[in-house]
Amino acid sequence: MGTEAKNVCFSDSKKTNMSGAKGASELYFVLCNTFNLVLRSSLMTGGAKRGVPNPWLFEEPEETRGLGFNEIRQQQQKIIQEQDAGLDALSSIISRQKQMGQEIGNELDEQNEIIDDLTNLVENTDEKLRTETRRVNLVDRKSTSCGMIMVILLLLVAIVVVAVWPTNK
């Protein structure tokens, strides 16, 4: 018979066979597989494999080195309170910016209405100006041709008067 590899993981000091357990959480399964991979690699190479860090061993940060559980918890609570205060400040800033954005949007809507009204007035004035310019050009053409006829008639009358006027000799 062949040997079958079993994934073994420890939880609360009880040995659990992952090949037979159904409904185990995915995270637990991934952690167990990672642990088994590291365990196998260290057994096969005679120690920890280079480039594959052991996930169970880590260096404790400077901030928590030498502190007890309650001190670490108090430190975490203080950090959480500072983060909450920062989030509250950020929330108020974002709320103010939202309000400003809405006010700017309202102002832009009002300005757009004013611009639309002004555009309509300019278009109406432009149309009136074009109409009046056409009328002025028409009057100018009529007055120019009428004026010429008047000048011609006056000259004709002057010629007739000079021709008919008796001269004394």
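The model is predicted, so local features need pLDDT of at least 70, side-chain atom pairs count only at pLDDT 80 or more, and totals for chains, interfaces and linings use all residues. Residues are numbered from 1 along each chain as its sequence is written, and side-chain values use heavy atoms, with hydrogens and water left out.

**The helix and its annotated segment**

Helix α2 spans residues 69–164. Helices here are DSSP runs of H or I with at least four residues, strands are E runs of at least two, and both are numbered from the N terminus. An unreviewed UniProt entry places a "coiled-coil region" at residues 108–135. Such annotations may be inferred rather than shown by experiment; their positions follow the numbering used here, and feature names are shortened. In the model, residues 108–135 are 100% helix and 0% strand. The end C-alpha atoms of that span lie 40 Å apart.

**Salt bridges**

Side chains of opposite charge can pair when their charged atoms come close. A salt bridge here puts a side-chain nitrogen of Lys or Arg within 4 Å of a carboxyl oxygen of Asp or Glu. The structure holds three.

| Salt bridge | N to O distance |
|---|---|
| Asp 126 – Arg 130 | 3.0 Å |
| Arg 134 – Glu 127 | 4.0 Å |
| Arg 135 – Glu 132 | 3.1 Å |

Asp 126 and Arg 130 are four residues apart in helix α2, so about one helical turn separates them. Arg 135 and Glu 132 also lie in helix α2, three residues apart, about one turn of the helix.

How accessible are these side chains? Buried means under 20% relative accessible area, exposed over 50%, and partly exposed in between (1.4 Å probe, protein chains only). Asp 126 is partly exposed at 33%. Glu 127 is partly exposed at 43%, and so is Glu 132 at 41%. Arg 135 has 51% and counts as exposed.

**The nonpolar patch**

Ile 149, Met 150, Leu 153, Leu 156, Val 160 and Val 164 form a nonpolar surface patch. Together they have about 570 Å² of accessible area. Areas come from the Shrake-Rupley method with a 1.4 Å probe; for residues, only the protein chains shown count as cover. Patch residues have over 30% relative accessible area and no salt bridge; nonpolar side chains (Val, Leu, Ile, Met, Phe, Trp, Tyr) are joined within 5 Å, like charges within 9 Å. Val 160 is found in helix α2. At 44% relative accessibility, Val 160 is partly exposed.
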